[in-house]
Structures are given as structure tokens and as C-alpha cells.
Amino acid sequence: MNGFRNLFSKFSAINSRYREPRIAMSGAVRLSLLVLRVYLLALVGLMIYKFVLIVTQG
Amino acid sequence: MNFFARLYYPLRKAWKAVGLYLVIAGPGIVVMVADNDAGGITTYAATGAKYGYHLIWFLLILIPVAYYVQEMTVRLGAVTKRGHAEAIFDGFGAFWGWFSLLDLMIVDWLTLVTEFVGMTAALAIFGVPPWITVVMVILLMAIIVLNGRYWTFEKLALLFCALNLVYIPGAFLVHPSVRDVLHQGLIPNFAGGFNGQLFFFLMANIGTTIAPWMLFFQQSAVVDKGMLEKDIPWGRFDTLLGSIVTVVVAVFIVIVTGTVLPGIDIDSAAQAASELMKTDRYVGTFLAIGLFDAGLLGAICISLASSWAFGEIFGWAHSLNTKIRQAPWFYATYFLMLVTSGLVVLIPQAPLVLITLFVQVIAVTLLPAALVFLILLLNDRATMGARCNTPSQNLIGGVIVLSIIILSTLYGFSVLFPNLFK
């Protein structure tokens, strides 16, 4: 139980240490990150679609 | 006599320069040669068998591509003294940090499985059972990393890099027509026209030249080696030499299979080695030894890339300059990755082909993110100062990164939907 608590506090510490991005969020940086998010969501969606295809077609 | 006397001093000077380079040669050449891992050897062998010498020119184009991407990690590591994982956490926050770290862990573990597949298949040609290969490899890798010195690890890795050159004498043994190699290989052309299958091969060659773990490995290695800003020119030279060596080795693999196995569909490098054994025992043996070496070198670097990344984020001691007692978690993650991936290969009827395909798909989700972060971090003037990307570096790097993202994404699509480009 203690091990889990330590692990949880470690994750919390990492999350709070890196809560704020240090890089200045200029327009170009924001746009790049937005495009990256959209790209990754589309890719994950495609993978899920492929997974469903495999499952339904046996 | 006078001629030899005059030759002596330039030769001695050149030999001293080579000796000096070998002392400081580092992560650049190791990561680049390790890029010719088991999957890479398979791709090059299949390319040569399918298209002969016709795609050699394309491989040569990949020299500057690999150099420009990896050079950025040298500058970033030397200036920030941070590995790539930590740089992403720090620069873009916890969300992107966790995404990159988890994705790296998955892709590294799956790639490690494919390295073990390559190594066991290579030694199976000589009658070595897979379990002996797995045990032997883990012991060998323990010896390499547990000596407590980064310098020793790097020099041992360089020794395995030298073994990767085995393909060069192998190519001479098959007596290729130099005229054909030059005429067909150096003039840009698309043999049989530009079709879906050719596009698939071009994408596969790019995919094996730039892998996400390489960015993480080289930046962490630059930090572990203690490279400073003044060492950046050496790091650049090291990376350039590495990118040349890796492509030259790839070209010689293409020449071997292009000469001996033209028109044969190759599914794995081990299959190519077995086929070559039938025509020339020595060349087949060279290919099998090279495949084992490639898998081993890939495994050494990939497992370290993950261990460094975890150490950076969790705050564990994470240097090869430490002993096990000083950095238990660093070595624990290293061996956990290694042992578990090795065991997968020993599972009867494990879905190894599926795993190999999955590696490429998952890598596609990490590579664009890692490359975009790399470019953005290199433009952070507050951190990089004078080492910030210049407009021309941004232009070249941007075009390369955009091209890699588009082609690797299409490659990922083609793996998911094999009929897409047929």
C-alpha cells in the first residue's frame, strides 16, 4: 500500500513540476501543438477503426 | 627511399588523427550505425532484391536527412544538458511529456522484440537454439553496460559498429558489375515506374532511417558523455560520419541482394541470409553475422534510450557512469525491458509478425511529435541562445521534418491498410 502511495505522490510531484510549459506559447507554437493534437487524434481514430474492422471481420 | 620518407610523416599524422577521433568518437556514429538494426537490414535486403541497384541514389539522399535531424539533438543536449524526454516535459508540460514517454516506452519495447526476432533468426541459421541466443545476448549486454563507465560502453558499442561493416566485403564477394551499380544506382530513376509498391519501399527506407528512439538516445547520450557547447563541432562531425557510414552499409546490402537475389520477395533478413547461403556460403554467413550484430547494437541503444528517459523524468540516477548500487532503477528498467522482450520471442506461436507491423504504426504516432518538439525546442532562444536554429536551418529542418511526417504517416497507413498503395 505504501509503495502505491509513494508511486502516486511521485506522479503528482512530476505533474506539478511540469504543470506550466516553459516555452513561450507564441502563435506558431500554439498552432503547431494544435495541428499535432488533431493529427494524433485522427491517427488514433484510424487505429481504432482498423481494430474494429479486424474484430468484426474476424 | 626518399619517396617513402616523405610519405611517412603525412601517414603518421593521418593515423594520429584517426586515433584521436576514435578516442572521442561518440554517440553520433553509434546511434547512426545502430539505426541499421534488424528491421533496417530486412528493409535494405528486400529493397535490393526487389529493385536491384535502382534505389541506391535514394538511399544517398537520406545522408543529409539523417544528419540534419540528429545534429539538432547534439546541440539541444550539449546546451541544455537535458535528455529529450526531460526537454519535452520541461518545454511543453506534463501532458505532452507523458504522451512522449509512454509512446517511447511502447515503441522501444516492441522494437526490442523485433531485434530479438532478428538475432534469434540469424543464429538459428548456424543451429543455435533461440533460448541460448536470448540468454547469451542478455549476458553480453549486461557486461557492456555494467562496467560503470560511459566511455567503455561507447567503445564496446563502436566495436559492434565496426562489425556492421561486414556487408562491404560481402558485396565484393558477389562480384557486382561496378558499371551497373554506377549507371543504375547513381542516376535518379524509378525502376518499373512510380507505383504504389515502389512508394511503399521508399517510405519503408525513410522509416528505417529516422526512428523516434534515435532522437531520445542521442540527446541523452550527449548529456551522459558530458559534451559541452565547445564539443558541438565534434558532435556534428561524428553525426555526419555516422550518417555516411549507415547509408554506405545500406547501399552495400542493396548491392548484395540486388546482385544475388534479383526479383525475389524478401520478408526477413534471415530469409535473405538463408537464400544467400544456397548461392554463396560466405556471403550468406556475412549477412547472418551482420543481422545478429545489427540486432544486438539496436537492442543496446534502444533499451538505453528508455532507461535514460525514465531516469530523467522520475529523478533517478541515470548514467552509465554509475554502478548498480548508485542507480538501481536505471539498470532495473534497462534489464526489465531487455528480459521481457527477449522472453516474448521464446513464447511458442507468439504473434511476431503482428508485433513487427505494430512497431511501425506506433512509431508513426511518436515520430512526428518528437520531430515537431525538436524544431520548437531548437527555436527557443531563451534556452538555446546562440545555438538557436538559424532561418536556413529552420528551412532545411522544416522541409525534412514535414517530408518525414507525411511519408512516415503514409507508411503507417499502408501498414494498417496494405491494399492502399497497390
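**Entry 1: Ser220(B)**

I began by looking up the neighbours of Ser220(B), and apart from residues up to four places away in sequence I found that it touches Gly83(B), His84(B), Ala305(B), Trp308(B) and Ala309(B). (Two residues are in contact if their C-beta atoms, placed from the backbone, lie within 7 Å.) This is a predicted model, in which local features need pLDDT of at least 70 and side-chain atom pairs count only at pLDDT 80 or more, while totals for chains, interfaces and linings use all residues. Residues are numbered from 1 along each chain as its sequence is written, and chains are lettered from A and ligands numbered from 1 in the order in which they are written.

Is Ser220(B) buried or exposed? I find it buried, with 28 other C-beta atoms within 10 Å. (Buried takes 20 or more other C-beta atoms within 10 Å of the residue's own, exposed 12 or fewer, and partly exposed lies in between; C-beta atoms are placed from the backbone.) I also checked Arg82(B): its C-alpha atom is 6.9 Å from that of Ser220(B), though 138 residues separate the two along the chain.

**Entry 2: the helix around Ser220(B)**

Ser220(B) sits in helix H12 of chain B, residues 212-225. (Helices, H or I of at least four residues, and strands, E of at least two, are DSSP runs numbered from the N terminus.) I read 14 residues for H12(B) and 20 Å from its first C-alpha to its last, close to the 20 Å expected at 1.5 Å a residue. (The expected span is 1.5 Å times one less than the number of residues.) Of the 14 residues of H12(B), 14 are buried, so this helix is largely enclosed by the rest of the structure. Just after H12(B), I noted a positive phi of about 80° at Gly226(B).

**Entry 3: Arg236(B)**

Next I moved to Arg236(B), in helix H13 of chain B, residues 232-260. Arg236(B) is partly exposed, with 16 other C-beta atoms within 10 Å. Which residues does Arg236(B) contact, leaving aside its neighbours within four places in sequence? I found Glu71(B) and Val74(B). The C-alpha atoms of Arg236(B) and Val74(B) are separated by 7.3 Å, with the residues 162 places apart along the chain.

**Entry 4: the nonpolar core**

The largest nonpolar core has 135 residues, and Ile253(B), Val254(B), Leu287(B), Leu291(B) and Cys301(B) have the most contacts inside it. (Such a core is a set of buried Ala, Val, Leu, Ile, Met, Phe, Trp, Tyr and Cys residues joined through C-beta atoms within 7 Å.) Helix H15 of chain B, residues 281-314, gives the largest share of this core, 20 residues. I followed up Val254(B), whose contacts beyond four places in sequence include Tyr44(B), Tyr53(B), Leu55(B) and Ile56(B).

Chain A has two helices and zero strands. Its radius of gyration is 19 Å, well over the 10 Å that the globule rule gives for 58 residues, so chain A is more spread out than a compact globule. (The radius is taken over C-alpha atoms, and the rule is 2.2 Å times the number of residues to the power 0.38.) Buried residues make up 5% of the 58 residues in chain A.

The contact takes 18 residues from chain A and 18 residues from chain B. On the side of chain A that touches chain B, H2(A) gives the largest share, nine residues.

**Entry 5: confidence**

I wrote down the model scores, ipTM 0.88 and pTM 0.88.
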